[in-house]
Structures are given as C-alpha cells and as structure tokens.
Amino acid sequence: MKVFAGLDELVAAEGVQLGPTEWLEVSQDRVNLFADATDDHQWIHIDPARAAEGPFGGTIAHGLLTLSLLPHFTHQLYRVENVAMAINYGYNKVRFITPVPVGAKLRARAEIAEVKQLDGAVQATMTVTVEVDGSDKPAAVAESIVRFIG
C-alpha cells in the first residue's frame, strides 16, 4: 500500500502505479447477495443449473458487482493521510471486458492518471484495472474520481 502524507504528496504522484492488491474470491453467495441488493436476479448470475447450459458455462458476477468492489481494492492500494475526508466523485469511463465466473479470484492495480488542485481539495482520477486470476484480459477497467478535502 502506498501512503501519501498529504495532498501535496498526492499532487506530485501523477503517473504513479499502485498495486496489485490481494486476491478476492467471488463466491456464489456474494453474487446472490448483490442480486438481492439490486433486484437484478438474471439467471446468468443466480441459477447455477441453468447457467451451466448458458454461454459462460456457469454463473458469472454482475458487472456492477465487480465495479462495487473498487472501494475494497483501492483501500489496499493507497491511503492519503492528513485530509478531512475523501469523497467518491464518480467515474469517467467504465468497461466490463471479461466475464467473472463465480469462484474466480480478482485483484486490482491502479495508475494515478490525473491530479488536479481545487480550492481546499485535490481531485484524483485513478485508472483501476480489475484482473481475473488466469485470464489474459481484465474483468474491468474504470476511471475513478476521488476528491480529497484538506
């Protein structure tokens, strides 16, 4: 984990590579809980018997579940100290490149793509890549925007 002592260190870190994180297994239970939380009960996510006959040979995680794991991963990638708070400001671009089979392991890497100084804050754009163990292609790539208030 990279620790930035404050906003000045973060501003100077544009282009820095972070990671990788620890691996996280995506269980069927996690997928089912996400389906319940979002009311997205599509069979490719929650019906292992039907999904076994489908295009992926088994159940897969929701793309938005993969995206929702970014806070878990980014907390392993970096920390900015001496700030009042950090706020998820949104995403510029998100792509779900490779399906995530239930039982797969994910981890993330990131690049600090851009850092802007604002009045009393710093806004950082992180390009986060979520990798699938054993896959040549990532599960997802997202440009995450975080505002750090001094």
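**View 1. Thr125, a buried residue of strand β7.** At 7% relative accessibility, Thr125 counts as buried (under 20% relative accessible area, with exposed over 50% and partly exposed in between, for a 1.4 Å probe and protein chains only). The residue belongs to strand β7, residues 121–132; helices (H or I, at least four residues) and strands (E, at least two) are DSSP runs, numbered from the N terminus. Leaving aside neighbours within four places in sequence, Thr125 is in contact with Asn92, Glu111, Ile112, Ala113, Glu114, Glu143, Ser144 and Ile145, where contact means heavy atoms within 4.5 Å. The model is predicted: local features need pLDDT of at least 70 and side-chain atom pairs count only at pLDDT 80 or more, whereas totals for chains, interfaces and linings use all residues. Residues are numbered from 1 along each chain as its sequence is written, and side-chain values use heavy atoms, with hydrogens and water left out.

View 2. Side chains of opposite charge can pair when their charged atoms come close. A salt bridge is a side-chain nitrogen of Lys or Arg within 4 Å of a carboxyl oxygen of Asp or Glu, and the count by this rule is 3. In the bridge between Arg79 and Glu81, the closest N and O atoms are 3.0 Å apart. Arg79 is partly exposed, with a relative accessible area of 40%, and Glu81 is also partly exposed, at 31%.

**View 3. Glu131 and its salt-bridge partners, Arg107 and Arg109.** The closest N and O atoms of Glu131 and Arg107 are 2.7 Å apart. Because Glu131 lies in strand β7 and Arg107 in strand β6 (residues 105–118), this pair ties together parts that are 24 residues apart in sequence. Glu131 also forms a salt bridge with Arg109, again with closest N and O atoms 2.7 Å apart. Arg109 lies in strand β6 as well, so its pairing with Glu131 in strand β7 ties together parts that are 22 residues apart in sequence. Glu131 counts as buried at 18% relative accessibility, whereas Arg109 counts as partly exposed at 33%. Salt bridges that share partners join Arg107, Arg109 and Glu131 into one network.
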